[in-house]
Amino acid sequence: MSLSFVRSRTSRTRVVRPLVAIALALALASCGDDTILGIANSWTLQTVEGAAPPFTVPNTEHDVIITSGTASISSGGHYTFTFMGTIDGDPATVGMDQGSWTIASSTFNFRSSTLNGKTFVAAYSTSTFNVAVPGEVVGSTTNAINMVFAKVP
């Protein structure tokens, strides 16, 4: 075997190994490995339908206003959404949902145990996620309410 063949093989190995490591990391991330993605966290509501709270929920029996919200996402595959605000002017928890979650690539799939297994999705980015919360969670007949949550520092 010539010395130049050994050198070129060694050079290829030096280039290929980091590429394989990156590919493996990306593959694990797309499978939902939370240690890479950092999803298990506390999250706080940033916007509802594109604006900062307070948000008056449409299509409800009562006057429901969301003033804040949190999402708790556990590494065990469970989540809880809690929305605070007022109902007919009185301070209250205006909505709550919990269930299980999975992730594929950057798409969350939430399965609500509160809403009899209803599923809904969210798009995940490094420090935020955008979710279409079923209106039922906050007492609305609106199909979905778009919300953005950010990681709690």
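Visitor: Which residue stands opposite Pro91 in β5?
Guide: This is a predicted model. Ten bridges join β4 to β5, and the two run antiparallel. The residue facing Pro91 of β5 is Thr86.

Visitor: What is the bridge partner of Ile65 in β4?
Guide: β3 and β4 pair in the antiparallel sense over nine bridges. Ile65 has its bridge partner in β4. That partner is Thr86.

Visitor: Which residue in the turn between β4 and β5 has a positive phi?
Guide: β4 and β5 form a hairpin, with two residues between them. One turn residue has a positive phi of about 50 degrees. It is Asp88.

Visitor: What phi does Gly77 take in the hairpin of β3 and β4?
Guide: The hairpin of β3 and β4 has four residues between the strands. Gly77 takes a positive phi there, near 90 degrees.

Visitor: How many bridges join β7 to β8?
Guide: β7 and β8 form a hairpin with two residues between them. Ser125 stands opposite Thr128 in β8. The strands run antiparallel, and the bridges joining them number four.

Visitor: Which residue stands opposite Asn146 in β9?
Guide: β8 and β9 pair in the antiparallel sense over seven bridges. Facing Asn146 of β9 is Ala132.

Conventions
Residues numbered from 1 in each chain as written. Predicted model: local features only at pLDDT ≥ 70, side-chain atom pairs only at ≥ 80, totals over all residues. Heavy atoms only, no water. Pairing = 2+ DSSP bridges.
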